[in-house]
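Here is a short briefing on one model. Keep the viewer open while reading.

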Amino acid sequence: MDQHDSSGDPASTSGAGPLAGRTALITGASQGLGKALAEELARQGAHVVMVARDAAALEAAAQAIQKRGGVAHALAADIGDKDAVHPLAGAAAALVGPIDLLIHNASTLGPTPLPLLLDTACEDLERVLAVNVVGPFRLGKIIAGSMALRGTGLLVHISSDAAVNAYPGWGAYGLSKAALDHLSRTWAAELDGTGVRSISIDPGEMNTKMHADAIPSADPATLADPAAVAARIVALLARPEAIVNGARLEASSLSMLPEAS
Ligand SMILES: NC(=O)c1ccc[n+]([C@@H]2O[C@H](COP(=O)([O-])OP(=O)(O)OC[C@H]3O[C@@H](n4cnc5c(N)ncnc54)[C@H](OP(=O)(O)O)[C@@H]3O)[C@@H](O)[C@H]2O)c1
């Protein structure tokens, strides 16, 4: 695991938002929705730790937040790699303190063009599960334990409509997202009463690299801007009283947060 420190200026404006001083770890934060979530969380005052494999892209994303006055750190790691995930929680806590908000956003489709199940190699299914389910479980287990000891925290699992609809070709990805949803519900049931909550959110179709990889023929103009989706999700996260433990939400049904002053 490579570590890149991009901590913000202590005199930054990041202390002013509704999430001031809250700590967040976001996986898959170098591009797409994860990057947009990190940007919006930092804009609302959270201190963010960003994770992805491409260290240079991740560092650039963290530095962009820092330049705007936010607090952001980059930790390059493969969420599907057991040896990389185990040190993440400690490294993140060393940078920003105990994590209040853990967003499992990193995800892989597996090979593209998306194969039918009969054409899916077992090894490819295993890799999809390692990144999309086992990694989040491993990281969640470490961080949720710390949250439970402190009596507060939120686990957010970024899901997909492929978790509930069986689309031909989306088998490996879809079953991994269904498992992720159930992981979220099980955390919610087991941690009920501890002060730690768990939810999953389907972000809807967005104009990102993942969508282009999956459906190259899609018209980007018909897809949501990940920044707009992130704004809806962060608006919910900024209102802890509105978060129902164990819920599975669709980002399109979430309301926006008023513009930060
Ligand atoms: N886009 C859509 O229409 C759509 C629809 C429904 C659900 N979603 C979900 O929304 C989330 C974000 O998707 P997106 O469209 O923003 O994807 P994206 O643009 O492809 O970005 C994926 C991010 O995850 C990182 N990542 C991928 N594999 C990783 C690994 N093994 N370890 C650590 N980081 C990894 C990538 O960086 P590196 O490559 O550098 O690691 C990148 O930062 C995903 O959970 C996806 O399943 C997306």
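Which residue of strand 7 stands opposite Val156? Ile199 does. The model is predicted.

**Ligand shell**

- The ligand is surrounded by 31 residues.
- Gly28, Gly32, Arg53, Asp54 and Thr208 are the closest of them.
- Helix 1 (32-43), strand 3 (47-52) and helix 7 (209-214) are the elements that each contribute two or more residues to this shell.
- By class, the shell holds 13 nonpolar, 13 polar and five charged residues.

**Strands 3 and 4**

- Strand 3 and strand 4 are parallel, and six bridges pair them.
- Within this pairing, His73 of strand 4 is the bridge partner of Val49.
- Strand 4 covers residues 71-76, and six of its six residues are buried.
- Val71, His73 and Leu75 point one way from strand 4. Ala72, Ala74 and Ala76 point the other way. Both sets are buried.

- Strand 5 runs parallel to strand 6, and four bridges join them.
- His104 is placed opposite His157 of strand 6.
- Strand 5, helix 5 and strand 6 together form a β-α-β unit, and this unit is right-handed.
- Strand 6 also pairs with strand 7 (residues 196-202), in the parallel sense and over six bridges.
- A right-handed β-α-β unit is made here too, by strand 6, helix 6 (residues 171-191) and strand 7.

**Helix 4: one covered side**

- Which residues of helix 4 (residues 88-96) are buried? They are Leu88, Ala89, Ala92, Leu95 and Val96.
- Why do these residues lie on the same side of helix 4? Because they cover an arc of only 130° around the axis.
- Gly90 and Ala94 sit on the other side of helix 4 and are exposed.
- The packing partners of the buried residues are strand 2 (23-27), strand 3, strand 4, helix 3 (82-85) and helix 5.
- After helix 4 comes Gly97, with a positive phi near 95°.

- Pro113 lies in the loop between strand 5 (101-104) and helix 5 (122-150).
- The peptide bond from Thr112 to Pro113 is cis, with omega near -5°.
- Phe137 belongs to helix 5.
- Is Phe137 buried, exposed or partly exposed? Phe137 counts as partly exposed, because 16 C-beta neighbours lie inside 10 Å.
- Between Phe137 and Glu126 the separation is 11 residues in sequence and 15 Å in space, C-alpha to C-alpha.

Conventions. Residues numbered from 1 in each chain as written. Predicted model: local features only at pLDDT ≥ 70, side-chain atom pairs only at ≥ 80, totals over all residues. Near = placed C-beta within 6 Å. Nonpolar A, V, L, I, M, F, W, Y, C, P; charged D, E, K, R; others polar. Buried ≥ 20, exposed ≤ 12 C-beta atoms within 10 Å, placed from the backbone. Pairing = 2+ DSSP bridges. Arc of directions from axis to C-beta. Contact = placed C-beta atoms within 7 Å. Right-handed = clockwise from strand over helix to strand, strands pointing away.
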